[in-house]
Amino acid sequence: MEKSLHSTQQQVLLALLRRVRSDKLLTQLELAERIGMSQSDISKVERGVRRLDVLELRLWVKGLGLGFSEFIATLESDLDAAELVRQQGRKPSSKVRGA
């Protein structure tokens, strides 16, 4: 089993956090000021050095201007897509090569 800080699921979560922040045109500093964290902590989370607990994640998501359930639904979708890609990578191709 992968360590949780380096798991595929954790990487999907971090990519989503960065993507949403970027889509909202927020800098790390602006998000930090909104949620009472340091810019350094925002960076550490986004780089996968520091984990968020569920309450911190909720605060982070609210700071991004999203509802928690909306964010979780998007995360679930992204995790499902990543799992599908992982599974397809392990299955032999059914296509005939060279045809």
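Modeller: Helices (H or I, at least four residues) and strands (E, at least two) are DSSP runs, numbered from the N terminus. This is a predicted model, in which local features need pLDDT of at least 70 and side-chain atom pairs count only at pLDDT 80 or more, while totals for chains, interfaces and linings use all residues. Residues are numbered from 1 along each chain as its sequence is written, and side-chain values use heavy atoms, with hydrogens and water left out.

Biologist: Where does glycine 65 lie?

Modeller: Glycine 65 belongs to the loop between α4 and α5 (68–90). Its phi is positive, near 85°.

Biologist: Why does glycine 65 count as exposed?

Modeller: Buried means under 20% relative accessible area, exposed over 50%, and partly exposed in between (1.4 Å probe, protein chains only). Glycine 65 has 53% relative accessibility and therefore counts as exposed.

Biologist: Which residues of helix α4 are buried?

Modeller: In α4 (residues 54–63), these are Leu57, Trp60, Val61 and Gly63.

Biologist: What puts them on the same side of α4?

Modeller: They cover an arc of only 155° around the axis, so they share one side of α4. The arc is that of the directions from the helix axis to the C-beta atoms.

Biologist: With which residues is leucine 17 in contact, leaving aside its neighbours within four places in sequence?

Modeller: Contact means heavy atoms within 4.5 Å. On that basis, leucine 17 is in contact with Val45, Leu52, Leu57, Trp60 and Phe71.
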